Amino acid sequence: MKGNSAIIVVDLVHDFVDGKFGSEEAKSVVKRTRDLLSKRRELPLIVTRDYHMPNDPEFAIWGEHCLQGTVGSELVPEIAEFESHVITKRHYDAFYDSDLDGYLSAIGANDIYICGISTDICVRHTVAGAFFRNYSISVIEDLCAAIDPNHHAAAIKEMKSLYGVKLVKSGELKQ
Ligand code: ZN
């Protein structure tokens, strides 16, 4: 049985758009995501924010970013303007240690669209989290960007082959 749909926008926060790991590609992803969100009629929106405590173990790998209470961890205004359920997260996978799965159950959504930054890290791990929980998953390819652009295409290919995601373009969504 097909359930409701929802869209999960991963980590369009300042540090990934125009801060520490920002890029021009990230800024165009924000613009295109905003376009889709403003055209959407019913699709519930969930946004995630990378949100770390001081000395978070993840900083050993990436250095300090998206620190709680700093602008870097805040949603960019183009995304913050939309009503959404916000998930703050400390890990790549937005399902891990969060109420994301519970929230999706509460709204009856088992068919999810995922997009955001970085394709190969938090998008990919959130897709894995959804896969292990038996969601039907579509990745909106043109609304994803990788911190290292060389990693984008491989991550898209892997999500398709490992987790069987459907690859869609933002123009194809009609909800
Ligand atoms: Zn992080």
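Helices (H or I, at least four residues) and strands (E, at least two) are DSSP runs, numbered from the N terminus. On that numbering, aspartate 11 sits in the loop between β1 (4-10) and α1 (14-17). The model is predicted.

**Zinc site**

- Four residues supply the protein donors of the zinc ion: Asp50 (OD), His52 (NE2), Glu58 (OE) and His65 (NE2).
- These donors lie 2.0 to 2.2 Å from the zinc ion.
- Along the chain, the donors of the zinc ion are spaced as D-x1-H-x5-E-x6-H.
- For four tetrahedral donors, the ideal angle at a metal is 109.5 degrees.
- Around the zinc ion, the 4 donor atoms subtend angles of 90 to 168°, so the arrangement is irregular.
- A tetrahedral call needs all angles between 85 and 135 degrees.
- Aspartate 50 and glutamate 58 are both buried.

**Helices α6 and α7**

- Helix α6 covers residues 119-132, and helix α7 covers residues 152-163.
- Their axes come within 10 Å and cross at roughly 10°.
- That crossing angle makes α6 roughly parallel to α7, because angles under 35 degrees count as roughly parallel.
- On the α6 side, the contact is made by Thr119, Asp120, Val123, Arg124, Val127, Ala128 and Phe131.
- On the α7 side, the partners are His152, Ala155, Ile156, Glu158, Met159, Leu162 and Tyr163.
- By type, the residues of the α6 contact with α7 divide into 9 nonpolar, 2 polar and 3 charged.

**Cis peptide bond**

- Most peptide bonds are trans.
- Isoleucine 117 and serine 118 are joined by a cis peptide bond, with omega at about -5°.
- Serine 118 belongs to the loop between β4 (109-117) and α6.

**Positive phi values**

- Most residues other than glycine have a negative phi.
- Aspartate 11 has a positive phi, near 55°.
- Aspartate 11 counts as buried because its relative accessibility is 0%, and the cut-off for buried is under 20%.
- Asparagine 134 also has a positive phi, near 65°.
- Asparagine 134 is placed in the loop between α6 and β5 (136-145).
- Asparagine 134 counts as exposed because its relative accessibility is 69%, and the cut-off for exposed is over 50%.

Notes:
Residues numbered from 1 in each chain as written. Predicted model: local features only at pLDDT ≥ 70, side-chain atom pairs only at ≥ 80, totals over all residues. Heavy atoms only, no water. Donors = N, O, S within 2.8 Å, 3.2 Å for Na, K, Ca; no water. Tetrahedral: all angles 85-135°; square planar, octahedral: opposite > 155°, others 65-115°. Buried < 20%, exposed > 50% of the residue type's maximum accessible area, 1.4 Å probe, protein only. Axes fitted to C-alpha atoms, helices over the stretch in contact; angles between N-to-C directions. Parallel < 35°, antiparallel > 145°, perpendicular 65-115°, else oblique. Contact = heavy atoms within 4.5 Å. Nonpolar A, V, L, I, M, F, W, Y, C, P; charged D, E, K, R; others polar.
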